[in-house]
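Let's take a look around this protein together. Have the sequence and the 3D view open as you read.

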Amino acid sequence: MSDHSTAIVSFTRDLRVHDNPAPERACRLARRVVLLFVVHEGLGFATANRRRVLHESPADPRQSLRDVGGDLLVRHGDPVTELMRLAEQVHAGTIVLARDVSRYARRRADRIRAATVQQRIRVEFVDAVTVVPPAASTPGCVSSQPRGFLHNRVRLVVASFLTKQLGLHWGVGARHFFDQLVDGGQGGGHR
């Protein structure tokens, strides 16, 4: 049975500690907030860059949280299984996640909703705002080197340019993003 005094924030793409709406919302809902990141081993679509990012991503936010007396639990396995296991362990009443529109994220959200209904745990999805520097908003600013993240909207602009203006097959751009971007082309942040 759940207890509404404990909330879990399940980090997916956005591991920012500062100015992140998911932990902020959880802090408004519960007295105790547990932060979780699950490294999903065995993602069939993950490229080498994506797998590396998944393993390295928790280090910085974890240290930032420890600096202020908190911590980030990092688990490995299926995200829904590990989330529900933790919810049972801490008697969570609420789970907060950033909203995501990828097919993978929608399937994960459906699985979480189904699992939480059985446990009577409330699930809240918050809109995560991604700030993209102005220079990153034009196709000409796309770097071919793995230097950072490229917002999904910018990827769509680039894809449109490549296919409509240059007449290239969309797969050429997709392969480039998967091979070059540090997140393996998965949409601008961490999953």
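## Before we start

A helix here is a DSSP run of at least four residues, and helices are numbered from the N terminus. One thing to keep in mind: this is a predicted model.

Let's begin with helix H6, which covers residues 152-165 and is where you'll find Phe161. Phe161 counts as partly exposed, because its relative accessibility is 36%. Together with Leu166, Leu168 and Val172, Phe161 makes a nonpolar surface patch of about 320 Å².

## A strand tucked inside

Now for strand E2, residues 32-39. Of its 8 residues, 6 are buried, so the rest of the structure largely encloses this strand. E2 also has a partner: it pairs with strand E3 (residues 73-76) in the parallel sense, over 4 bridges. If you want to spot the pairing, find Leu36, which stands opposite Leu73 in E3.

Which residues have the most contacts inside the largest nonpolar core? They are Ile8 and Ile95, in a core of 18 residues. H4 gives the largest share, with 6 residues.

Leaving out residues up to four places away in sequence, Ile8 touches a whole list of others, among them Val34, Leu36, Leu83, Leu86 and Ile95. There is also a second, separate core, with 14 residues including Phe11, Leu35, Val39 and Leu65.

Methods. Residues numbered from 1 in each chain as written. Predicted model: local features only at pLDDT ≥ 70, side-chain atom pairs only at ≥ 80, totals over all residues. Heavy atoms only, no water. Patch = residues over 30% accessible without salt bridge, like charges linked within 9 Å, V, L, I, M, F, W, Y side chains within 5 Å. Areas by Shrake-Rupley, 256 points an atom, 1.4 Å probe, with all protein chains shown as cover. Salt bridge = Lys/Arg side-chain N within 4 Å of Asp/Glu carboxyl O. Helix = DSSP H or I, 4+ residues; strand = E, 2+ residues; numbered from the N terminus. Buried < 20%, exposed > 50% of the residue type's maximum accessible area, 1.4 Å probe, protein only. Pairing = 2+ DSSP bridges. Core = buried A, V, L, I, M, F, W, Y, C linked by side-chain atoms within 4.5 Å. Contact = heavy atoms within 4.5 Å.
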